[in-house]
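Take a moment to look at the chain as a whole before turning to its parts.

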Amino acid sequence: MCGIAGIFHTEGQKPVDPERVRLMCDAIAHRGPDGEGVWIAPGVGLGHRRLSIIDLAGSPQPMASVEEDAVIVFNGEIYNFMDLRAELQVLGAKFRTDGDTEVILQAWRHWGTGCLNRLNGMFAFALYDLRTRTMLLARDRLGVKPLFKARLADGSIIFGSELKALLAHPAFRYEIDPLAIEDYLAWGYVPDHRSILKGVEKLAAGHYQILRHDAPPSAPVQWWDVSFADRAKGNAEDLGAHLLHHMREAVTSRMLADVPLGAFLSGGVDSSSVVALMAEASTSPVKTCSIGFDVAALDETAYAGRIAEQFHTQHWKRTVSPDDFSLVDRLAGMFDEPFADASALPTFRVCELAREHVTVALSGDGADEAFAGYRRQTFQHREEQVRALLPSGLRGPVFGTLGKLWPKADWAPRPLRAKSTLLSLATSGEEGYARSLSVTSPELRETLYSADFRRLRGDYRAEQPFVELMRNAPARSGLDRAQYADLKFYLPGDILTKVDRTSMAVSLEAREPLLDHRLIEFGAKLPENMRVRGNTGKWLVKDTMRRYLPEDVLFRQKMGFVTPIAQWLRGPLADEARGLASNGALARTGWFDATRIEALAEDHVAGRADHSRLIWQLLMLRKSLERLG
């Protein structure tokens, strides 16, 4: 696992200052403390920071091919590199190292961009071909590893693993994109189709881009997608056997490392499944780490402890206390862009704990998106059944009117929040699902913005790209479309961003076996009743894992990493909440109605309402703006 950065001139082959590449790499040194390197040629510069995982001494980067005709900087891991290496050797490829980086170089030389479909792994890399004087930028299928890029005034393209690498380039000039503020308020993060800064792009998951010295940048090309259009046949026993085979392969392939390896263990279905399969494949005790809370209702460490005891793991746990709000400023620095998923706090703490004992940790991320494990997906499945019974011309007026009249109850569990359900049923399935996933509704956002910001934003609404993505999904049903959107939008924008930044902040490599593309593609073909049955999502996964895990772990209510931010904003962060609209970077923008925000903050601090999610969003936005200057 590493950090990469580089400069590429698209208007001729102008000299590249190696010191600028080095500055960009230094800004992301936390991603790779074990080594560094810069390579320069006419019109191009590549930089690398290395976290050594495989072939510890023999694979420094930037790395040139044996033939000296291609150079690469690579962030990630290729899990099938040994199989590819053997296949390439039959074709005549020569190797100087024992790692996976050189395999990508030879795969490119033999198969061109077709090499991407042969790679099983997580990656973002830049590969320069000296024969054609072209640069290949590529990102893995699901977007586990990030890649930011921007075009400078002199025609050069700069790129890096994090936004801070671009900010370190002395010629980079930027301004905030107001459309990103609309996106952030809706979702709690800036999705992959946009950046907080104008002119900065994120290479989309499953895409590559070719850069040339004598032409403007070509449009990115999608090289992988997941389809929900087909259905697998078979009973639960047969499909469960296939599922278990894929899960075993995914886990065991990610256990290859030349450094200490372990796993995150929350005590939920997914992380427990990963640990169970690791224990099955390992000849020594698996190392596991858990984070708990000193608020009993939020603490899952008892379940994690039971799994650790069952599989005889070497287990460590740590409790997050109410004073962990001190991490707020540090979080803003990790993410660069505003990021309001409060579970980033405990995620960072569990990464911090894991790094004390291992260098690589396997996580359970991805199964909810692939196998319909989120409650919102189960609700969407039901709501689509209701929509199918009533024509849209009737649903809109009836449910829309009832929804507007119904009292708001954000404090209640989703099934009891009739207002949200009614408003969702009044719209299309795509619009209803966008509403269920958004953290700040369109109606609430409108009350927050100033007139000046509404003019800046124009007609754009954050839900538009999401709805379009769902409508164009290769899918059969509303449940399919919801899962597709979660995999393509929410997963890279929120979950994978959170895990990448928090793990890399402590130089820990996080691997997600349940995001193996073969497992994802298998899940997308499952019949709906193998994904959702009654109130149970992720049904086939739970049924299959009965042989490993106890019933109360498999079928208890999903908790996730919940953080007591509501209490913090009434206690130690109350002054910050009250001052959001009157001082600091947020107040200076003029984007928001200060009176409205002050009233929301006072209502929350006084305990008259719970506006913690919104206030946390605005607080993290302010912290991010302050860091961006």
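In which sense do strand 8 and strand 9 pair, and over how many bridges? Strand 8 (residues 148-151) and strand 9 (residues 156-160) pair in the antiparallel sense, over 4 bridges. Helices (H or I, at least four residues) and strands (E, at least two) are DSSP runs, numbered from the N terminus, and two strands count as paired if DSSP finds at least two bridges between them. This is a predicted model, in which local features need pLDDT of at least 70 and side-chain atom pairs count only at pLDDT 80 or more, while totals for chains, interfaces and linings use all residues. Residues are numbered from 1 along each chain as its sequence is written, and side-chain values use heavy atoms, with hydrogens and water left out.

The two strands form a hairpin with 4 residues between them, and Gly155 in the turn has a positive phi of about 90°. Strand 8 also pairs in the antiparallel sense with strand 10 (residues 200-202), over 3 bridges. Strands of a sheet pair through backbone hydrogen bonds, either parallel or antiparallel.

Elsewhere, 6 strands form an open sheet in the order 4-5-6-7-11-12, with antiparallel pairing. Its edge strands are strand 4 (63-64) and strand 12 (221-222), each of which pairs on one side only. Strand 4 is joined to strand 5 (residues 70-78) by 2 bridges, and the two run antiparallel; here Met63 stands opposite Ile72 in strand 5.

Leaving aside neighbours within four places in sequence, Val360 is in contact (heavy atoms within 4.5 Å) with several residues, including Ile53, Ala257, Leu508 and Glu509. Although Val360 and Glu509 are 149 residues apart along the chain, their C-alpha atoms are separated by 4.6 Å. Asp459, by contrast, lies in the loop between helix 17 (451-457) and helix 18 (463-471) and is exposed, with a relative accessible area of 71%.

Two further loop residues have a positive phi without being glycine. His312, in the loop between helix 8 (301-310) and strand 15 (314-320), has a phi near 55° and is exposed, with a relative accessible area of 62%. Lys538, in the loop between helix 21 (528-531) and helix 22 (539-544), has a positive phi of about 55°, but Lys538 counts as buried at 4% relative accessibility.

Stepping back, the protein has 28 helices and 17 strands. Its radius of gyration is 24 Å, close to the 25 Å that the globule rule gives for 629 residues, so the protein is as compact as a globular protein of that length; the radius is taken over C-alpha atoms, and the rule is 2.2 Å times the number of residues to the power 0.38. Buried residues make up 59% of the 629 residues, and of the contacts with a separation of 6 or more, 73% are between residues 24 or more positions apart.

Conventions:
Buried means under 20% relative accessible area, exposed over 50%, partly exposed in between (1.4 Å probe, protein chains only).
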